[in-house]
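Here is a short tour of a protein model. Keep the sequence and the 3D view open as you read.

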Amino acid sequence: MILASVLTTNLAILVLAGFIGFVVISKVPNTLHTPLMSGTNAIHGIVLLGGLLIVGFSGNGTFNKIILVIAIAFGTINVVGGFLVTDRMLEMFKAKPKSGGDGDKGAKS
Amino acid sequence: MSAPPLASSFLQSTSFLDVLYIVAFALFIQGLRGLSGPTTAVRGNRIAGVGMAIAVIATLLNRNEGNWGLIVLGIALGTAVGVPAARQVKMTAMPQMVALFNGVGGGAVFLISWSEFRLTHGYQGVATYITIFSLFAAIVGSVSFWGSNIAFGKLQEIIPGRPISLGSSQQIVNLLLLILAVAAGVDIASGGTHSQGIFIVMLVCAALLGNAVVFPIGGADMPVVISMLNAFTGLSAAATGIALNNPALIVAGMIVGASGSILTNLMAVAMNRSIPAIIAGGFGGTGAVAGAEGAGAHAGTVKSTSAADAAIQLAYANRVVIVPGSGMAVAQAQHAVRELTKELEKRGVEVSYAIHPVAGRMPGHMNVLLAEADVPYDQLKEMEEANQEFGRTDVSLVIGANDVTNPAAKTNPASPIYGMPILEVNDSHSVIVIKRSMNPGFAGIENELYYDPKTAMLFGDAKSAVSEITAELSQL
């Protein structure tokens, strides 16, 4: 019973998240689709949590430890790299929001 | 149905810290909402980053098992690789970077599933649905990992970009690999076996499938593939979330899945290709045979122009639209194009950029390249908007774009690209096309635009041609 309700709750979360995802992502303009992809890359780096949760149970098995360390490293690359590179790109878009007047202020070099 | 035994306790985390996970995914959604415009996007990304920090810290505080050393090691390794890569990557190399990041995400997913399998000795004492989601994550994660790595190799040109396939047997092989992987999964899920050998067979079949799907795909179809693999990794993360009963993972994974699906569909529509046809492969190579035969078969004549004449034409225009394509990106001409724009604006010419959704090698790539060259955001026009404005455009300057400007997509039902949405460049009063030669593009299709009497061709490398025009302009 309990397991079944956990499953249905999680499935409900899954379905609702799917609908919310479609609505939110549909509002992102084509112009920002590359940062969107790298940003969502960073977000799916959340699988890192899986590695963090399980690694405590890896016991003494060396192989278990190795694959979990790799999994955590992979997840961290996703999270850290993804957010940084997205930030870099978005800063470029923000640099000159208008072509007029204040453009010179933001110009570097 | 009895309570799960100890072995699976880590698969069933129940904690009030779930509240923190809810805060985290709320921040992800709020952050992504910020991506609806350039002014709110930077903050949006940072909000999502805060959400991630909360999720990670909550997880670390909530766990009471040991092995902290391994966690520090993993995070240190990941940071050591991720930070310099993100800092140093060139904007032109963004598609392969995204492919690589996407791949490691898929890699993390299947490794986590593998650990779950090993630590429960073949999912013994684990609820069947958890086993199913964990196996699903393993298969999709493995496909995504290998597929993304091959996509990276192709984009980085470590592997040839042209389609590499087994020919007509490709689809059968793919299907067979899929069936084998799923059969192994079913065997494990049904409790038929707890053998790790079967699990590894499943992973290997999925890995081969990932290779088999992406190898036959040509360079031109890369935007679709990258988007699709992005969706796969997202969905596999969501499945891991269900297996671990972790709401933050479920929501984050599913949103990424939705995002990847939307982009995949958008790219496929923009290329006039069905997703199954792309996965079946064999199209989009840089040297399509049909194209070589087709070239030169056209009856019309082509008018050639010089940089000096092009400069005069541009200088006396009121409105110029620049249509950048992959040729511009390959020649790294975006900064030269920006200089040209500045020179034109000095003369009071109104300049904007018309961007086709598949210009570049991933969704939105062209915009990033232009933004890097300091092109203001409001000069970047999406296809629909641009098409309304070509009618009152004096000169359209096409730089290294081909198929996306081909009027045959609207007029010739026999053309392979018929029905593909294009930039209606031929509506403008005159057209200048900068192109290396008359060779047809990715799809190997003749472009009628080049034979239009109002079109002038300027042959040469995009970067030097644009620089020459700028130099001529400054002397006028």
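Two strands pair if DSSP finds at least two bridges between them. Helices (H or I, at least four residues) and strands (E, at least two) are DSSP runs, numbered from the N terminus. This is a predicted model: local features need pLDDT of at least 70, side-chain atom pairs count only at pLDDT 80 or more, and totals for chains, interfaces and linings use all residues. Residues are numbered from 1 along each chain as its sequence is written, while chains are lettered from A and ligands numbered from 1 in the order in which they are written.

**The sheet of chain B**

Start with the strands. In chain B, strand β2 (residues 350-355) and β3 run parallel, joined by three bridges. Look at B:Tyr353: its bridge partner in β3(B) is B:Leu380. Strands of a sheet pair through backbone hydrogen bonds, either parallel or antiparallel.

Now widen the view. Six strands of chain B form an open sheet with parallel pairing, in the order β3-β2-β1-β4-β5-β6. Which are the edge strands? They are β3 (380-382) and β6 (455-459) of chain B, and each pairs on one side only. From one strand to the next, the twist averages 25 degrees.

Two residues are in contact if their C-beta atoms, placed from the backbone, lie within 7 Å. Axes are lines fitted to C-alpha atoms, for helices over the stretch in contact, and angles run from 0 to 180 degrees between N-to-C directions. Helix α12 (residues 307-315) of chain B lies across β1 (319-324), β4 (395-399), β5 (430-435) and β6 of chain B. Its direction is at about 140 degrees to β5(B). Helix α15 (residues 365-372) of chain B touches β1, β2 and β3 of chain B. The direction of α15(B) makes about 145 degrees with that of β2(B).

**Helix pairs of chain B**

| Helix pair | Angle | Axes |
|---|---|---|
| α4 (94-119) and α8 (222-243) of chain B | about 25 degrees | 9 Å apart |
| α5 (128-155) and α8 of chain B | about 155 degrees | 8 Å apart |
| α6 (170-189) and α7 (196-214) of chain B | roughly 155 degrees | within 8 Å |

Angles under 35 degrees count as roughly parallel, over 145 as roughly antiparallel, 65 to 115 as roughly perpendicular and the rest as oblique. Therefore α4(B) and α8(B) are roughly parallel to each other. By the same rule, α5(B) and α8(B) are therefore roughly antiparallel. So are α6(B) and α7(B).

A crossing is left-handed if the near helix is turned anticlockwise from the far one by less than a right angle, and right-handed if clockwise. The α4(B)–α8(B) crossing is left-handed. So is the crossing of α5(B) and α8(B). The crossing of α6(B) and α7(B) is left-handed as well.

Which residues make the contact of α6(B) with α7(B)? Among them are B:Val173, B:Leu177 and B:Ala181 of α6(B), and B:Ile198, B:Met202 and B:Cys205 of α7(B). Sort them by class: Ala, Val, Leu, Ile, Met, Phe, Trp, Tyr, Cys and Pro count as nonpolar, Asp, Glu, Lys and Arg as charged, and the others, Gly among them, as polar. This contact has 17 nonpolar, two polar and one charged residues.

**Domains of chain B**

Chain B is divided into domain 1 (23-88), domain 2 (100-286) and domain 3 (299-475). Such bounds come from an automatic or database domain assignment. The C-alpha centres of domain 1 and domain 2 of chain B lie 23 Å apart. Five residues of domain 1 of chain B are in contact with five residues of domain 2 of chain B. On the domain 1 side, helix α1 (residues 18-34) of chain B gives the largest share, four residues. By class, that side has five nonpolar, no polar and no charged residues.

**Where the chains meet**

How many residues does the contact take from each chain? Chain A gives 83 residues and chain B gives 99 residues. On the side of chain A, the elements that give two or more residues are α1 (2-26), α2 (33-44), α3 (48-55) and α4 (62-95) of chain A. The largest share, 31 residues, comes from α4(A). By class, this side of chain A has 48 nonpolar, 27 polar and eight charged residues.
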